[in-house]
Amino acid sequence: MSSLPQNRDFNASQVTQNCATILLAGGKGTRLHDLTATDSKPAVPFAGRNRIIDFAMANAVRSGISQLLVATQYAPQTLHDYLPARWGQHFKRGGLQLRDGQGRYLGTADALRHNWNQIADGPSDEILVLAADHVYDMDYAALVAQHRRTGAVATVAVDVVPLSQASAFGVMQADAQGQITSFLEKPAQPPAMHGDPRRALVSMGVYVLSRLWLRDVLFHSHPQAMDFGHDVIPLAVEQGGAAVYKLPAGPDGQTYWRDVGTLDALRLAQLDFVHGTPARLPRQGAVADWHLGKGSIAMMGAVVSHSADLTNTIVAQGCYVPPGLVTGQDAEEDATWFTRTASGTVLITQAMLDRRAVMRIPRSRMRVAPSFDHPGFRRSSPLKDKHHA
């Protein structure tokens with residue numbers, strides 16, 4: 001695990017050691033199609049042996065967080081098996097807790113309401129809320145330190161994106177002092193940031209909130225508040241107590257934060273790691289293990305024949321791609337057998353490959369066994385009426 005930067009005027013572990021922290025990891029990720037049919041979005045593999053959730057977990061460990069509650073909901077079993085095995089040793093004994101909220105959580109803020117006793121039963125004056133489904137490298141200790149300095153009741157970690165992409169996120173405007181003056185959740189016409197008409201400030205889904213203020217909101221003044229983006233953050237903005245924390249630039253002078261909630265975004269984000277390191281990968285490995293060339297990537301456990309010709313394709317876990325398969329060159333052919341996005345990303349799963357293999361068998365080679373009520377089937381004895389699956 002990479003060490004924390006040393007050029008700072010505070011000790012990361014002292015800032016975060018008592019900070020109550022919850023990682024929201026219940027996302028279904030419907031825009032990832034079959035990749036999340038049986039797994040949550042945070043559990044989706046990324047760049048070899050990593051999973052999307054590993055970025056938030058690695059950030060937490062590097063930031064000195066010793067206690068972390070992970071709130072799962074949709075298809076949680078993979079995370080409940082994986083996280084203790086992969087990350088348990090990085091936290092103090094009993095410091096990593098998992099809470100399954102299937103059928104209970106009605107939103108991101110409601111997940112905190114249900115787990116309040118576990119996350120707020122300590123000496124911390126603030127609560128750190130993390131998202132588990134983004135690819136980024138971030139020092140949470142610096143975020144918490146700024147929150148303490150400003151005295152805000154809510155601090156929102158933000159990045160800057162092109163205005164054309166901002167409608168997919170919570171969009172805000174902030175004054176020169178960093179106080180949020182407006183917040184809109186996924187607006188159809190997002191406002192530009194002050195001084196830059198082509199870009200917008202967007203929420204990363206990472207927050208620090210005053211514990212006492214949040215308790216009052218969730219249990220007293222606004223018990224109907226279910227979601228941070230729709231309910232809690234707009235309330236803090238309305239009260240004049242919300243501030244932004246801008247994601248610092250990386251070694252290359254650029255920020256890197258990616259929401260990989262679509263097949264296109266998931267594929268392109270992984271390609272960013274082929275020739276560079278825009279963010280630290282929790283687990284490094286040979287790029288050749290997962291990068292197939294021609295804009296294509298393979299997930300853990302996939303086997304791709306050398307003669308297959310794949311372009312802009314994601315090969316899902318456990319697939320066996322047969323010799324001679326061609327994707328990414330004929331949109332109609334791709335869409336016949338696989339999932340293909342409007343931008344040209346093709347998703348291959350084993351179920352799709354199996355269906356294609358059956359449907360492409362020439363009819364002359366097919367043999368259909370007769371059913372028991374077929375005219376050609378004769379019951380010569382009672383014993384022949386018995387059959388087994």
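**Group meeting: a walk through the model**

Let's start with one residue. Val-303 sits in strand 16, which covers residues 303-304. Bear in mind that this is a predicted model. Val-303 is partly exposed, with a relative accessible area of 45%. What does Val-303 touch, leaving out residues up to four places away in sequence? Cys-319, Tyr-320 and Val-321. Take Cys-319. Along the chain, Val-303 and Cys-319 are 16 residues apart. Their C-alpha atoms are separated by 6.0 Å.

Now the whole protein. There are 389 residues, and 49% of them are buried. The secondary structure comes to 11 helices and 22 strands. The accessible surface is about 19,200 Å². Carbon and sulfur atoms account for 49% of that surface. On contacts, look at pairs at least 6 apart in sequence. Of those, 66% join residues at least 24 apart.

Next, a helix pair. Helix 7 runs over residues 211-221, and helix 8 over residues 228-238. Their axes come within 12 Å. They cross at roughly 125 degrees. The crossing is right-handed.

Which residues meet there? From helix 7, we have Trp-213, Leu-214 and Val-217. From helix 8, the partners are Phe-228, Val-232, Leu-235 and Ala-236. Polar, nonpolar or charged? The contact has seven nonpolar residues, no polar ones and no charged ones. An α-helix has 3.6 residues a turn, so residues three or four places apart point the same way. With that in mind, look again at Leu-214 and Val-217 on the helix 7 side. On the helix 8 side, look at Phe-228, Val-232 and Leu-235.

On to helix 9, residues 263-271. Which of its residues are buried? Leu-263, Asp-264, Leu-266, Arg-267, Ala-269 and Gln-270. Note that Asp-264 and Arg-267 are on that list. What do the buried residues pack against? Strands. They are strand 2 (45-46), strand 13 (257-259), strand 15 (296-298), strand 18 (313-315), strand 21 (339-340) and strand 22 (346-348).

You will find it in strand 9, residues 170-174.

Last topic: backbone angles. Two residues to check on screen. His-33 is not a glycine, yet has a positive phi of about 55 degrees. Where is His-33? In the loop between strand 1 (20-25) and strand 2. His-33 is partly exposed, at a relative accessible area of 41%.

Then Lys-186. Phi is positive here as well, near 50 degrees, and again the residue is not a glycine. Lys-186 lies in the loop between strand 10 (180-185) and strand 11 (199-210). Buried or exposed? Exposed, with a relative accessible area of 52%. The cut-off for exposed is over 50%, so Lys-186 passes.

To recap. Helix 7 and helix 8 meet through seven nonpolar residues. The buried residues of helix 9 pack against strands, including strand 2 and strand 22. His-33 has a positive phi, and so does Lys-186. That's it from me.

Terms used: Residues numbered from 1 in each chain as written. Predicted model: local features only at pLDDT ≥ 70, side-chain atom pairs only at ≥ 80, totals over all residues. Heavy atoms only, no water. Axes fitted to C-alpha atoms, helices over the stretch in contact; angles between N-to-C directions. Helix = DSSP H or I, 4+ residues; strand = E, 2+ residues; numbered from the N terminus. Left-handed = near helix turned anticlockwise from the far one by under 90°. Contact = heavy atoms within 4.5 Å. Nonpolar A, V, L, I, M, F, W, Y, C, P; charged D, E, K, R; others polar. Buried < 20%, exposed > 50% of the residue type's maximum accessible area, 1.4 Å probe, protein only. Areas by Shrake-Rupley, 256 points an atom, 1.4 Å probe, with all protein chains shown as cover.
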